[in-house]
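Trainee: Could you help me learn to read a protein model? I would like to go through it feature by feature.
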Amino acid sequence: MPTQLPRRLRPARENAPSSLVIHNIVVGRHRTSVRLEPTMWDALQDIARQLRVSVHDLVTEIDRERSASSLTAAIRVYIVDFYRAAALPAGQPKGVQPHGLRI
């Protein structure tokens, strides 16, 4: 019979502030709210600056290219893929690319 690991207690969240930050983003022509961690917002803004596009335009492209996942999840995946691709040594084939975005 497999041994069960002890369950972790969840912290009380009743009065705990959320670590997520809400920003309003224009996706296409529609305004929506996106909740991300501050580090993810910083990364998204850095990527937009590197690509010389607005955060709104970048998120619009991410939204166009995403599959069934939520917009927030698609943004997180894009950020991870972007930095993974950037971390590859020069000359190595890039098997990991940010979902084929053409920005």
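Trainee: Is Val-27 buried or exposed?

Mentor: Val-27 counts as buried, because its relative accessibility is 10%. Buried means under 20% relative accessible area, exposed means over 50%, and partly exposed is in between, with a 1.4 Å probe and protein chains only. Before we go on, note that this is a predicted model, in which local features need pLDDT of at least 70 and side-chain atom pairs count only at pLDDT 80 or more, while totals for chains, interfaces and linings use all residues. Residues are numbered from 1 along each chain as its sequence is written, and side-chain values use heavy atoms, with hydrogens and water left out.

Trainee: Where does Val-27 sit, and which residues does Val-27 touch?

Mentor: Val-27 belongs to strand E1. Helices (H or I, at least four residues) and strands (E, at least two) are DSSP runs, numbered from the N terminus. Leaving aside residues up to four places away in sequence, Val-27 touches Thr-32, Val-59, Thr-60, Asp-63 and Leu-71. Contact here means heavy atoms within 4.5 Å. Take Asp-63: it is 36 residues from Val-27 in sequence, yet 7.4 Å away in space, C-alpha to C-alpha.

Trainee: Which elements does the chain have, and in what order do they run?

Mentor: There are three helices and two strands, and from the N terminus on they run β-β-α-α-α. Of the 103 residues of the chain, 25% count as buried. Among contacts with a separation of 6 or more, 43% come from residues 24 or more positions apart.

Trainee: How do I read two helices that pack together?

Mentor: Two packed helices are described by the angle between their axes and the distance between the axes. Here H1 and H2 pack at an angle of about 100°, with axes 9 Å apart. That makes H1 roughly perpendicular to H2. The axes are lines fitted to C-alpha atoms, for helices over the stretch in contact, and angles run from 0 to 180 degrees between N-to-C directions. Under 35 degrees counts as roughly parallel, over 145 as roughly antiparallel, 65 to 115 as roughly perpendicular, and the rest as oblique.

Trainee: Which residues make the contact of H1 and H2?

Mentor: H1 brings Leu-44, Gln-45, Ile-47, Ala-48 and Leu-51, and H2 brings Val-55, Leu-58, Val-59 and Ile-62. They divide into eight nonpolar, one polar and no charged. Ala, Val, Leu, Ile, Met, Phe, Trp, Tyr, Cys and Pro count as nonpolar, Asp, Glu, Lys and Arg as charged, and the others, Gly among them, as polar.

Trainee: At what angle do the axes of H2 and H3 cross?

Mentor: Helix H2 (residues 55–65) and helix H3 (residues 71–87) have axes that come within 10 Å and cross at roughly 105°. H2 and H3 are therefore roughly perpendicular to each other. Leu-58, Val-59, Ile-62 and Asp-63 of H2 meet Leu-71, Ala-74, Ile-75 and Tyr-78 of H3. The residues of this contact are seven nonpolar, no polar and one charged.

Trainee: What covers the buried residues of H3?

Mentor: The cover includes strand E1 (21–27), strand E2 (30–36), helix H1 (38–51) and H2. Among the buried residues of H3 are Leu-71, Ile-75, Ile-79 and Ala-85.

Trainee: How do I read a pair of aromatic rings?

Mentor: A pair of aromatic rings is described by the distance of the centres and the angle of the planes. The whole structure holds two aromatic pairs. Tyr-78 and Phe-82 form a tilted one, 6.2 Å centre to centre with 35° between the planes. Phe-82 and Tyr-83 form an edge-to-face pair, at 5.4 Å and 85°. Rings of Phe, Tyr and Trp (its six-membered ring) pair if their centres lie within 6.5 Å; planes under 30 degrees apart count as stacked, over 60 as edge-to-face and the rest as tilted. Tyr-78, Phe-82 and Tyr-83 form one aromatic cluster.

Trainee: Why does Tyr-83 count as partly exposed?

Mentor: Tyr-83 counts as partly exposed because its relative accessibility is 34%, whereas Phe-82, at 12%, counts as buried.

Trainee: Where is Arg-52 found, and what is its phi?

Mentor: Most residues other than glycine have a negative phi. Arg-52, in the loop between H1 and H2, has a positive phi near 60°. Arg-52 is also exposed, with a relative accessible area of 79%.
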